[in-house]
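Reader: I have a few questions about this one. Can you take me through some of the residues?

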Amino acid sequence: MIPTERDLDQIAEYADASVRTVSRRGSLAPIKGRHGVNAWLYARWGNRGNAIYTFTGGLLTIALSGALAWLLEEPLVFPSLGATAFLFFETPMAEVASPRNTIMGHYVGAAIAYGWLTVFGLVDAPSALEAGFSVERAAAVALSVGCTGGVLRLLRAAHPPAGATTVIVSAGLLTSGEELLALAAGVALLTVSAGLLNRVLGVPAPRWAY
């Protein structure tokens, strides 16, 4: 069965954007332009080579972010970045893993969450881990997640880990100006380091967007 344009759009956004320029029947097209270490791993071990690649990329980039977080004593690593790192190396050619979607996703999620914290007067309140979930906190979290998903869809900038970022902020775990700046820096650091590592190891990942 020949895929429709809608099928190709969904595949490109969540799996491999190279299908926009490749017409073929059957399974997804392989990474177009793969070379170097990435190509060697896949040629030698197939899916096991891909597993090694994902492991190596995630390990090196999160280790770098963790080392800088330790040296600077800033929260440059937070839970949703683990999911982002996974996308960078598991589906590096997908639109959801592009720098555009990553930066916009996390930043929009954090901004929306902070906005709802302001609406409900929770900016300076203890986090949900400390004080539990009040009605206001539950509403802030739910509205933050819903609005983040809706806005990112309108912007065509889907990035699933951003849903976790908006919960982190709306739950009160990172809310001060300094913490939000560290969050933004952490996203940028991971995005740049993963992009550079992908290209060095042979994956022609986009510098910004497809």
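Author: Start with Ile52, which sits in helix 3, residues 47–72. Keep in mind that this is a predicted model.

Reader: What nonpolar surface patch is Ile52 part of?

Author: Together with Trp40 and Trp45, Ile52 makes a nonpolar surface patch of about 290 Å².

Reader: Switching to rings. How many aromatic pairs?

Author: The count is 3 aromatic pairs. One of them is Tyr53 with Phe89, an edge-to-face pair at 6.0 Å centre to centre, with 65° between the planes.

Reader: Where do Tyr53 and Phe89 lie?

Author: Tyr53 is in helix 3 and Phe89 is in helix 4, residues 79–90, so the pair ties together parts that are 36 residues apart in sequence.

Reader: And Tyr53, buried or exposed?

Author: Tyr53 counts as buried because its relative accessibility is 4%, and buried means under 20%. Phe89 is buried as well, with a relative accessible area of 2%.

Reader: Which residue lies over the face of Tyr42?

Author: That is Arg34, at 4.3 Å from the ring centre of Tyr42.

Reader: Last topic, Gly163. Where is Gly163?

Author: Gly163 is in helix 8, which covers residues 162–170. Gly163 is partly exposed, with a relative accessible area of 26%.

Reader: What separates the C-alpha atoms of Gly163 and Gly146?

Author: A distance of 8.8 Å separates those C-alpha atoms, and Gly163 and Gly146 are 17 residues apart along the chain.

Notes:
Residues numbered from 1 in each chain as written. Predicted model: local features only at pLDDT ≥ 70, side-chain atom pairs only at ≥ 80, totals over all residues. Heavy atoms only, no water. Patch = residues over 30% accessible without salt bridge, like charges linked within 9 Å, V, L, I, M, F, W, Y side chains within 5 Å. Areas by Shrake-Rupley, 256 points an atom, 1.4 Å probe, with all protein chains shown as cover. Salt bridge = Lys/Arg side-chain N within 4 Å of Asp/Glu carboxyl O. Helix = DSSP H or I, 4+ residues; strand = E, 2+ residues; numbered from the N terminus. Phe/Tyr/Trp six-rings, centres within 6.5 Å; stacked < 30°, edge-to-face > 60°. Buried < 20%, exposed > 50% of the residue type's maximum accessible area, 1.4 Å probe, protein only. Lys NZ or Arg CZ within 6 Å of the ring centre and 35° of its normal.
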